[in-house]
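Hi there,

Thanks for taking this one over. The structure is just below, and after it come my notes on what turned up.

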Amino acid sequence: MKVGIIGTGYVGLPTGVGLAELGNTVVCVDKIKEKIDDLKAGKLTIYEDGLAELFAKNTANGRLTFTTSMRKAIEGADLVLIAVGTPPHPVTHEADLKYIYAAATELAEYLTDYTVIATKSTVPVGTGDNIEQLITSKNKMARFDVISLPEFLREGFAVHDFFNPDRIVVGTNSEKAANLIKELYKPFEGKTNMLFVSRRSSETIKYASNAFLAMKIHYINEIANFCEKSGADVSEVAKGMGLDNRIGNRFLNAGIGFGGSCFPKDTMAMAFMGRMAGTPIELIEATIAGNNKRKEQMAERVLKAVKDIPNAKIAVWGLAFKDGTDDCRQSPAMDIIAELLAHKADIVAYDPKAMGTACQLLGDKIAYADDMYSAAKDADVLVILTEWKEFSGADLSGLAQLMRNKKILDFRNMLNPKEAIKFGFEYQCIGKTVE
């Protein structure tokens, strides 16, 4: 079938590549001409593991194309996916839907035959109703259904998750629309759960899921704080908890707090919706406040480590909000760096994939190194903020020779504490005492 995708970001682009690989004809549209020019030229605009090969294959065979013309993407499409951003409102922190409604307004003009309009973007409850009304008001002759088709792609693992979904949620009461989605995802038949629910339930599922995972992260970080005071080891505690299949072991890695393009904005949006409905969701409210405090606590630890060192140099490993992506939006690492810069810290940083995106945000406020060892040269403290696998294999012997003061704040529990101490490091990690 022909699929039009509005938006070529961390949702739209991997989804487009995946649907093309399944044999569909996919046209991705974006307002940003520079981005479309790059994609047409074969240059990926985001990093995702495994994306480059499939992108090259499906652009070469013509199943995946890019345009700035909404008409080219929409006319003749069986399915249109809206995958634009829903950033938090700067004042209320509710989801800002201006890009969603702008897309719906423009696409309405080009609807000809029956088309299914699916919101891939994370949107508040009732947004589908509003899109439906808006399209009808703009094109009274249009034949269409609006459905909710939330994405559950993890940044850094989007390609894997597209082809190995743990569930596909579809919000619609239209049998015709449901049949089209069944056909779209027929390659996954018998391999995953496909859940058909009402549109409003589908819109809620995405928010409720992300908020729950964010709460799980915040919870284990609070347990980590307790472990540091009580003498327990949060890694052992998390392992014991995770063996209970009612809890599971995912999202129980203690660290510096959650971040990225989803959890911060989605928890704030869910909290806002709860307040507007007259049913405040206090667990989510506490999670948001606690996560903000978590990043402040981490910055305080760094400042404490260098307070007696004149002109201290701080080496940072990791800028992206997690491994596997170059995305620095709402990255806890960036928030911690911002707090350190407010105290006039001298920082040199390295990240395997996110140097470019970090530089766009920080400019020359920090220095950038070509590799992790260059970042650590002559540093007084090394702070690990993103859990890139290569950091766990660091040569501690060589690192000890490079650094001016041998201090490591391992906020992702990447290194072996005993090995660090053996090579003379003053070593701190998360959720355990080190002797």
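By class, the lining of the largest cavity has five polar, three charged and two nonpolar residues (nonpolar covers Ala, Val, Leu, Ile, Met, Phe, Trp, Tyr, Cys and Pro; charged covers Asp, Glu, Lys and Arg; the others, Gly among them, are polar). Please keep in mind that this is a predicted model, where local features need pLDDT of at least 70 and side-chain atom pairs count only at pLDDT 80 or more, while totals for chains, interfaces and linings use all residues. Residues are numbered from 1 along each chain as its sequence is written, and side-chain values use heavy atoms, with hydrogens and water left out.

A cavity here is a set of points, on a 1 Å grid over the protein atoms alone, where a 1.4 Å probe fits but cannot get out; lining residues have an atom within 4 Å of a point. Grid points are joined across faces, edges and corners, and a volume is the space filled by probe spheres set on the points. The count comes to one cavity of 30 Å³ or more, and the largest cavity has a volume of about 40 Å³. If you want to find it, look for Thr119, Lys120, Ser121, Thr122, Val123, Ser148, Pro150, Ser202, Glu203 and Lys206, which line the largest cavity. Helix α9 (residues 199-230) gives the largest share of that lining, three residues (helices are DSSP runs of H or I, at least four residues, numbered from the N terminus).

Now to the salt bridges, where a side-chain nitrogen of Lys or Arg lies within 4 Å of a carboxyl oxygen of Asp or Glu. The count comes to 23 of them.

One joins Lys35 and Asp30, at 3.9 Å from N to O. Asp30 is buried at 11% relative accessibility, whereas Lys35 is partly exposed at 21% (buried means under 20% relative accessible area, exposed over 50%, partly exposed in between, with a 1.4 Å probe and protein chains only).

Asp266 and Lys265 form another, with their closest N and O atoms 2.9 Å apart. Asp266 is buried, with a relative accessible area of 1%, and Lys265 also counts as buried, at 15%.

Arg275 and Glu285 meet at 2.6 Å, N to O. This pair links distant parts of the chain, 10 residues apart: Arg275 sits in helix α11 (residues 263-276) and Glu285 in helix α12 (residues 282-306). Arg275 is partly exposed at 36%, as is Glu285 at 28%.

Best wishes

How values were computed
1 Å grid on protein atoms, 1.4 Å probe; cavity = no way out; pocket = protein on both sides within 12 Å on 5 of 7 lines; lining within 4 Å. Helix = DSSP H or I, 4+ residues; strand = E, 2+ residues; numbered from the N terminus.
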